[in-house]
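I opened my notebook to look up how the pieces of this chain pack against one another. My entries follow in the order in which I looked.

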Amino acid sequence: MNTTAVSLKQKWEELKQQQPHLRIRNAAQTLNVSEAELLILNLNQGVTQLITDFKAILLDVEKLGKVMALTRNNECVHERKGVYLNPDFSSPHAQLFVGEAIDLRIFLNHWKFAFAVAEPMGETLRKSLQFFGKDGEAVHKIYLTSQSNEVAFAELVEKYKQQKPVTELDLDKSITKITEKPDTEIDIEGFKTEWKNLTDTHNFFGLLRKYGVSRTQALRLAPDACYAKKIKKENIVYLLGKAQSQQIPIMVFTGNKGIIQIHTGEIHKTMWHNNWYNILDPDFNLHLDMDRVAETWVVRKPTEDGIVTSVEVFNTEGEIIVQFFGKRKPGIPELKSWRNLMTEI
């Protein structure tokens, strides 16, 4: 361990003494380093560096049984328990797990590091697989539950452990900011026409790229208020409360550059904790920092199955935090109960 690493480890130990319940992600932010840089300080002390054959590792995760998948960004944490089923790695652009519980869209070109972690939790060890991007920030984590196969976990770690682990990570911390072209440089009428003629919600991203508009700029330049309307962030709380009380099944999308994680189903328990609004169900938890919500929009997109309506939530940088839809599948129209709720807000 070099001098810089030794100094960082000392600072982290001092911070843990001052704030024993501080999470590693928050500690990294306090120390102005990435989470991976802190994690690697504990190599061979509960942390095992894995090879970067992410596809092979992920394809073996099904053997672990029921686990908890965690995906987050700076403003929202999405936790879903289930088994990693139905993988599809045929596309070089996006890889998939498509199960009723674990539903993921993965972008492996943003993944760079992998670790197995065993951290003390009371009298037991909390075991996980943790994946990080080029900047050392966490992309996705997989935690064992009481129903997981610990023998399979040990075998997976042994199979994929890095034989010559590195103690210093090659990071790319350059920040890619969202930059918007001036409205005057955009074919606004062409953009509006193509939006109104969409046949699939998945084509919206391609539309943004074609016309060179950011997501929030697109919503501002929508054909009219029927297609995109800004609402107060407090409506998120109203929306989830109504979905809970009326038992409207919803879809919740949360992600970062490396992955999007999706929950589909009814929600049963919502509550505040300080500035965080939470869904706390047995197999699904969502934690949304309401203080960091900058913009909230109701968005409507035409499809072959009719209009699809979403609530899209953004941070101050114009990055998407979380999206809410009514439960639906291709070939099935949007739920009337969801559409009625969207009309309310």
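I looked up what covers the buried residues of helix 6, and found that the cover includes helix 7 (204–211), helix 8 (215–220), strand 10 (228–231) and strand 16 (295–303). I took contact as heavy atoms within 4.5 Å, buried as under 20% relative accessible area with a 1.4 Å probe and protein chains only, and helices (H or I, at least four residues) and strands (E, at least two) as DSSP runs numbered from the N terminus.

I noted that this is a predicted model, where local features need pLDDT of at least 70 and side-chain atom pairs count only at pLDDT 80 or more, while totals for chains, interfaces and linings use all residues. Residues are numbered from 1 along each chain as its sequence is written, and side-chain values use heavy atoms, without hydrogens and water.

Next I listed the buried residues of helix 6 (residues 188–196), which are Gly190, Phe191 and Trp195. They lie on the same side of helix 6 because they cover an arc of only 135 degrees around the axis, taken from the directions from the helix axis to the C-beta atoms.

I then turned to the pair of helices: helix 6 and helix 7 pack at an angle of about 170 degrees, with their axes 11 Å apart. The axes are lines fitted to C-alpha atoms over the stretch in contact, and angles run from 0 to 180 degrees between N-to-C directions. That makes helix 6 roughly antiparallel to helix 7, a term for angles over 145 degrees. Gly190, Phe191, Glu194 and Trp195 of helix 6 make the contact with Phe204, Leu207, Leu208, Lys210 and Tyr211 of helix 7.

Notes:
Buried < 20%, exposed > 50% of the residue type's maximum accessible area, 1.4 Å probe, protein only. Parallel < 35°, antiparallel > 145°, perpendicular 65-115°, else oblique.
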